[in-house]
Amino acid sequence: MRITVHGLGRVWNVHFRQQIDGALPGRLYRNRRNGTFADITVTSGLAAEYGPALGSLALDANGDGWLDLFVANDGSPNQLWVNQRNGTFRNGAVLAGVAVNGNGRPEGSMGVDAGDYDNDGDDDLLVANLSGEGTTLYASDGTGLFDDVGAASGLRSASLPNTGFGAVWLDADNDGWLDVLTVNGAIQTIVSLAQAGDRLPLRQRPQLLRNRGDGRFEDVSARAGRAFQVMDVGRGAAVGDIDNDGDPDVLVGTNNGPLRLFLNQHGRAGHWLGVRAVGAGGRDMLGARIGVTGADGRVGWRRVRSDGSYASANDPRVLFGLGGAAAPVPVRVEWPDGSAEEWAPQPVDAWITLSQGSGTPRAGIGGAAR
């Protein structure tokens, strides 16, 4: 099937196949809330199209309060399954602008993460690809439309030499702006390494790109510590505050190599607030959105989730970098059922737990992220 899309000053010719050789359909299991799950792949519509998927995650792509599903495919157009609020999904990736890159080409997409890198209140998509393609950044306008700003942001050129599997948003220095960490490792022999006698000539260095706060990123890997100088065949990357000191650490998985723990020693320079949002029975409320109001009145938003990156699961707790702001900050939670609550200003530089029903009720966004 061929679709021609006109918009944003360019024409996209996207070729789709209902079935990709060697690919298997994904599965969607609905939680019955009794310890069992129901396979709703067919009835939800997700079986209609599939490709060689290597990454997937949930995000509210259009801001309607219902979680959508993004699937990153290797060498084929990506899929964005838009929640129809009736138990079914529709693939809206082409119209949303996330099926292919800004040049209209599918990429070898692997690592994927969603986060609000520009602090405008909606989640943007980060996708790591093969060497020569560079990392793609799909910036959201909050209505369900995205634009590939990988080149304009500096991410694409900085990452061109790498094959990125693990890709995560994290505020490495707690300045309030999400940075990018990628874990890299080639899938084809790197000639220079083979000629040097490397027994595993697929090794590449991880990369840390700092968000400057002006829409662009700078490569700070060279000064990010010895961990970023070690060459590995990197694959997975999971983010969490391992030592509960208020900055994000990263657990890195490698192919034919050891697990590595990147312990952050720099993020402590900024103030922070860590939040765990729970429901009945202390269950982490995946899909909830947490907002913290800074000293300048701007609300920073993060989502409770464990998905993201390639073959990895993250800490569901949410960590906010606050920079130099030391005053207590108000907190708002928009729960998965569409309700919302607020809490009085909370002291910073601490982990707190917020339980649904313990705050002051506020108007929700309508609908539910189910």
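Modeller: Ala, Val, Leu, Ile, Met, Phe, Trp, Tyr, Cys and Pro count as nonpolar, Asp, Glu, Lys and Arg as charged, and the others, Gly among them, as polar. The model is predicted, so local features need pLDDT of at least 70 and side-chain atom pairs pLDDT 80 or more, while totals for chains, interfaces and linings use all residues. Residues are numbered from 1 along each chain, and side-chain values use heavy atoms, without hydrogens and water.

Colleague: How many residues in the lining of the second largest pocket are nonpolar, polar and charged?
Modeller: Leu-208, Ala-224, Phe-228, Asn-264 and His-266 are the closest to the pocket's centre among the 23 lining residues. By class, the lining of this pocket divides into 13 nonpolar, 4 polar and 6 charged.

Colleague: Are the residues of E14 buried or exposed?
Modeller: Buried means under 20% relative accessible area, exposed over 50%, and partly exposed in between (1.4 Å probe, protein chains only). Asp-179, Leu-181 and Val-183 point one way from E14, and Val-180, Thr-182 and Asn-184 the other way. Of the 6 residues in E14, 6 are buried.

Colleague: Which residue in E15 is the bridge partner of Val-180?
Modeller: Strands are DSSP runs of at least two residues, numbered from the N terminus, and two strands pair if DSSP finds at least two bridges between them. E14 and E15 are antiparallel, with 3 bridges. The partner of Val-180 in E15 is Leu-209.

Colleague: Where does Asn-314 lie?
Modeller: Asn-314 is buried, at a relative accessible area of 7%. Its place is the loop between strand E22 (299-303) and strand E23 (318-323).

Key:
Helix = DSSP H or I, 4+ residues; strand = E, 2+ residues; numbered from the N terminus. 1 Å grid on protein atoms, 1.4 Å probe; cavity = no way out; pocket = protein on both sides within 12 Å on 5 of 7 lines; lining within 4 Å.
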